[in-house]
Amino acid sequence: MQSDECDSLGQKSSKDAPKALTEEQAFRKIERLACMREHASKALQARLEKDGFDYHVAQAAIDRALRCGLISDERFADVLVRSRLSQGRGLQGIAAELVTFDIDPYSVTAYLEATEGQTGPDELARALAFLDAKPPRGKRLRDSAYRKLMQKGYGASVSASAARIWSEEHETDNSLQAEF
């Protein structure tokens, strides 16, 4: 059973009407946004302030949404890591994105699993799969592959290794096609 503060039909006293109405409006906005997808509390704070809500009003509405379980930074981080991994993003880029939301990457279970290689292929295999799915274009395949992987958030050593392996495989394929 939800508490009164989570009840969307709850009424406030007329003495608190201006402040409560504004907090209520902020909470309603959070409800609408949370129905579409997960959000980090820091991103919601910035969004509410951009939409004209006072810092303290926005913070109170976010605190209420956190208490109700409407939003959760842990849930957001888990969804973010899993979706970025499925998009072929690198762990370094994912960690940087989590930090922008004030979330420690090492507190996210999905990130820890990916760094330990417990779920799916390791980072090098994912980088090679990404290059196979979306090959780089350019005269120098190795350099193009390296740049593409770095832009996707892979670390320098993984990018260099994957670019070398991928370009060696494809340069031999290109030389065989040129002979015919």
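**Exercise 1.** In this predicted model, find which residues Ser-144 touches, leaving out those up to four places away in sequence.

*Solution.* Step 2: list what remains. Ser-144 sits in helix H8, which spans residues 141-151.

**Exercise 2.** Decide whether Ser-144 is buried or exposed.

*Solution.* Step 1: take the relative accessible area of Ser-144, which is 8%. Step 2: apply the cut-off. Buried means under 20%. Step 3: conclude. Ser-144 is buried because its relative accessible area is 8%.

**Exercise 3.** Work out how the buried residues of H8 are arranged around its axis.

*Solution.* Step 1: name them. Leu-141, Ser-144, Ala-145 and Leu-149 are buried in H8. Step 2: check the arc. They cover only 130° around the axis, so they lie on the same side of H8. Step 3: recall the general rule. An α-helix has 3.6 residues a turn, so residues three or four places apart point the same way.

**Exercise 4.** Describe how helices H4 and H5 pack.

*Solution.* Step 1: locate them. H4 covers residues 73-86 and H5 covers residues 91-100. Step 2: compare the axes. They come within 10 Å and cross at roughly 150°. Step 3: classify the angle. Over 145 degrees counts as roughly antiparallel, and H4 and H5 are therefore roughly antiparallel. The crossing is right-handed. Step 5: list the contact. H4 supplies Ala-77, Leu-80, Val-81, Arg-84 and Leu-85. H5 supplies Leu-91, Ile-94, Glu-97 and Leu-98. Step 6: sort these residues. Seven are nonpolar, none polar and two charged.

Terms used: Residues numbered from 1 in each chain as written. Predicted model: local features only at pLDDT ≥ 70, side-chain atom pairs only at ≥ 80, totals over all residues. Heavy atoms only, no water. Helix = DSSP H or I, 4+ residues; strand = E, 2+ residues; numbered from the N terminus. Buried < 20%, exposed > 50% of the residue type's maximum accessible area, 1.4 Å probe, protein only. Contact = heavy atoms within 4.5 Å. Arc of directions from axis to C-beta. Axes fitted to C-alpha atoms, helices over the stretch in contact; angles between N-to-C directions. Parallel < 35°, antiparallel > 145°, perpendicular 65-115°, else oblique. Left-handed = near helix turned anticlockwise from the far one by under 90°. Nonpolar A, V, L, I, M, F, W, Y, C, P; charged D, E, K, R; others polar.
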